[in-house]
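Thanks for coming, everyone. Please have a look at the chain on the screen, and then we will walk through a few of its residues.

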Amino acid sequence: MARRRKSSPLEDWVDLIAMLPWWGGCLLALILYGLLHRVAAQPVITTVALGQIGPAMVQTLWRTFASIGQYLLPLLCLIGAAVSAYRRRQRQTLITGVAGSKAADALDNMSWHEFEQLVGEAFRLQDYQVTETGGGGTDGGVDLVLRKGGEKYLVQCKQWKSFSVGVTVVRELYGVMAAKGATGGFVVTSGRFTAEATAFASGRNVKLIDGPLLHGLIKQATASRNVGAKPAGMQDAPFPTQPFAPPSCPVCTKPMVRRTARRGNQPGNMFWGCSSYPA
């Protein structure tokens with residue numbers, strides 16, 4: 001996926017708020033205004049004792065920040081809420097358009113960002129909590145982080161229609177899953193997967209979803225939501241409702257177990273480790 005351009009702190013704040021439901025941004029705007037307005041309304045100190053100059057300066061700086069922030073931060077929250085509502089509407093439009101199409105080539109005319117939004121909404125229809133990361137940072141190109149039943153899953157989206165997704169992409173995601181302690185992962189493409197990629201994913205906690213399968217899944221999930229039941233003849237969706245089996249160690253093939261990092265750059269994070277370690 002394409003990487004995001006550099007943005008300002010204000011844009012980052014709006015993007016962060018836009019990850020919340022629209023009503024969450026509105027609620028946060030009200031809370032911030034109430035807190036900052038209380039600070040800004042504090043009386044101005046006119047006389048200061050010699051030993052109180054430092055605390056008085058800090059109080060003045062806080063009041064100045066609150067005087068500006070009581071309007072600026074809630075405004076940014078409302079903008080983020082509007083962006084969240086727009087994106088939600090956009091995702092629903094994408095889902096409706098694909099579900100109403102009779103051919104899987106409806107995925108081919110999308111941009112990479114639209115495809116990522118579509119995949120995220122498809123997982124939401126399966127009752128996953130979805131966080132869109134945009135594939136940036138040091139997360140190995142992960143585009144979506146899913147949570148369901150206390151488990152975490154990673155998703156990599158590939159809007160590739162001109163060639164197949166190879167085994168390298170699947171291996172990279174598998175490595176990130178082990179490093180971040182994810183229960184499972186998905187590689188989703190609008191095209192196809194190579195035979196090597198399919199063979200590598202077989203027996204591992206990685207699911208491969210190609211264009212035709214994704215198209216059918218969206219049609220099934222949308223129909224299920226509309227009528228409240230799975231249409232006759234439809235198979236179960238390839239999204240897991242039960243936890244994945246533990247992955248195998250890439251060195252000795254023994255089952256791995258989840259451990260908590262106690263040192264290093266990310267203490268407290270979960271990761272997969274070999275059950276026979278340190279042997």
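Start with arginine 88. Setting aside neighbours within four places in sequence, arginine 88 is in contact with Glu121 and Arg124. Contact here means heavy atoms within 4.5 Å. Before going on, a word on the source: this is a predicted model, where local features need pLDDT of at least 70 and side-chain atom pairs count only at pLDDT 80 or more, while totals for chains, interfaces and linings use all residues. Residues are numbered from 1 along each chain as its sequence is written, and side-chain values use heavy atoms, with hydrogens and water left out.

Back to arginine 88. It sits in helix α3. Helices are DSSP runs of H or I with at least four residues, strands are runs of E with at least two, and both are numbered from the N terminus.

Proline 21 is 67 residues away from arginine 88 in sequence, yet the two C-alpha atoms are 8.6 Å apart in space.

Now the charges. Side chains of opposite charge can pair when their charged atoms come close. We call it a salt bridge when a side-chain nitrogen of Lys or Arg is within 4 Å of a carboxyl oxygen of Asp or Glu. How many salt bridges does the whole structure hold? The search finds seven.

One of them joins glutamate 121 to arginine 88, with the closest N and O atoms 2.9 Å apart. That pair links distant parts of the chain: glutamate 121 is in helix α4 (residues 112-125), arginine 88 is in helix α3 (residues 53-100), and they are 33 residues apart. Glutamate 121 is buried, since its relative accessible area is 4%.

Glutamate 121 also meets arginine 91 in a salt bridge, at 3.3 Å from N to O. Again distant parts are linked, α4 to α3, 30 residues apart. Arginine 91 is buried too, because its relative accessible area is 8%.

Next step along. Arginine 91 forms a salt bridge with glutamate 132, and here the closest N and O atoms are 3.4 Å apart. This pair runs from helix α3 to strand β1 (residues 129-132), 41 residues apart. Both arginine 91 and glutamate 132 are buried.

Arg88, Arg91, Glu121, Arg124 and Glu132 are linked in a network of salt bridges.

What is the bridge partner of valine 130 in β2? It is leucine 146.

Last stop, the surface. Leucine 35 lies in helix α2 (residues 22-40). Leucine 35 counts as exposed, because its relative accessible area is 53%.

That is the tour. Keep one picture in mind: the salt-bridge network that includes Arg88 and Glu121. Questions, please.

How values were computed:
Buried means under 20% relative accessible area, exposed over 50%, partly exposed in between (1.4 Å probe, protein chains only). Two strands pair if DSSP finds at least two bridges between them.
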